[in-house]
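Here is a short briefing to read with the sequence and model open beside you.

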Amino acid sequence: MNPAEVLALFDAQLRRDAPPETPTTRIDRTAGVVRQVGAAPHDWCGILWSDLDETTADAAIAAQLHWLRTDPEAAGREFEWKTYSHDLPADLGERLAAAGFEPEAPETLMVAEIDEVAELTRDAALPAGIRLEPVTDAAGVEMAAAVHEQAFGTSAERLRDRMLDQITERRDTVSIVLAMAGDVPVCAARMEFCPGTAFAGLWGGGTVKEWRGKGIYRALVAHRARIAASHGYRFLQVDASDDSRPILRRLGFAALSVTTPYLFTAPPQAVSTAPPREEGR
């Protein structure tokens with residue numbers, strides 16, 4: 001795998017020319033940025049791609065903030081400007097922070113060829129007493145969300161709604177699986193397909209504390225790689241945490257960039273920028 005070529009393909013297919021994520025998602029391409037706006041409150045809303053420099057970045061940031069503060073469509077939405085370490089200008093993150101965006105923890109963009117992952121995980125096996133169950137209904141989504149909250153210590157409210165939408169409205173674009181110890185879910189992972197691209201994305205992969213270090217995460221990567229291969233995808237993509245990065249490296253994944261989300265929550269009501277009306281009119 002040529003990392004530079006694969007990164008360029010990733011940028012083109014999943015960022016610059018990204019297709020709408022759902023039938024009700026809109027992609028806006030203006031002034032050096034590509035913005036995704038989902039219809040539902042739990043749909044992802046933010047900047048996928050930017051082509052900026054030192055002379056254009058501040059104006060582009062200001063334009064997004066103006067939209068967030070004044071457009072009723074943006075009211076109350078969480079907005080993410082998803083940056084990558086190879087984006088320009090080099091100080092884009094600093095400019096976003098100065099404008100009021102809050103940085104989240106960085107993660108490593110890692111990509112692997114599915115054939116290589118399949119080869120390196122041929123011996124991946126679940127520990128004794130663990131079985132896999134696909135998530136196909138609301139009860140399964142509830143268990144997956146509960147595992148997420150236990151594993152990562154963060155709310156899964158929006159993720160729960162997103163997964164429910166996926167399994168009911170867009171079942172062909174997602175695969176969600178639970179690792180079960182008896183009747184207790186101990187790990188949850190999903191894979192999102194992006195039709196028309198070479199990439200399937202691995203998300204979640206959270207294991208509850210008592211079951212970490214037993215090979216469950218590795219087995220779930222192998223499981224999802226087999227599914228992605230059967231759908232004709234060439235690459236697996238992960239935004240890897242510090243915990244998962246060493247495991248993924250052993251499974252054939254290469255680090256291509258570092259991604260940092262910068263978040264901004266729009267005011268609950270749009271602020272009008274129109275001049276005040278005179279009395280009597």
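**Briefing on the predicted model**

In the loop between strand S1 (26-30) and strand S2 (33-37) you will find Ala31; helices (H or I, at least four residues) and strands (E, at least two) are DSSP runs, numbered from the N terminus. This is a predicted model, where local features need pLDDT of at least 70, side-chain atom pairs count only at pLDDT 80 or more, and totals for chains, interfaces and linings use all residues. Residues are numbered from 1 along each chain as its sequence is written, and side-chain values use heavy atoms, with hydrogens and water left out.

**Backbone**
- Ala31 has a positive phi, near 45 degrees, in a residue other than glycine.
- Ala31 counts as exposed because its relative accessibility is 67%, where exposed means over 50% and buried under 20%, with partly exposed in between (1.4 Å probe, protein chains only).
- Leu88 and Pro89 are joined by a cis peptide bond, with omega about -5 degrees.
- Pro89 sits in the loop between strand S4 (78-84) and helix H3 (92-98).

**Confidence**
- The protein chain has an average pLDDT (the predictor's confidence in each residue, from 0 to 100) of 92, and 96% of the residues score at least 70.
- Residues 274-281 have pLDDT below 50, and this stretch has zero contacts in the model beyond near neighbours in sequence; contact means heavy atoms within 4.5 Å.
- Where pLDDT is low, predicted coordinates should not be read in detail.
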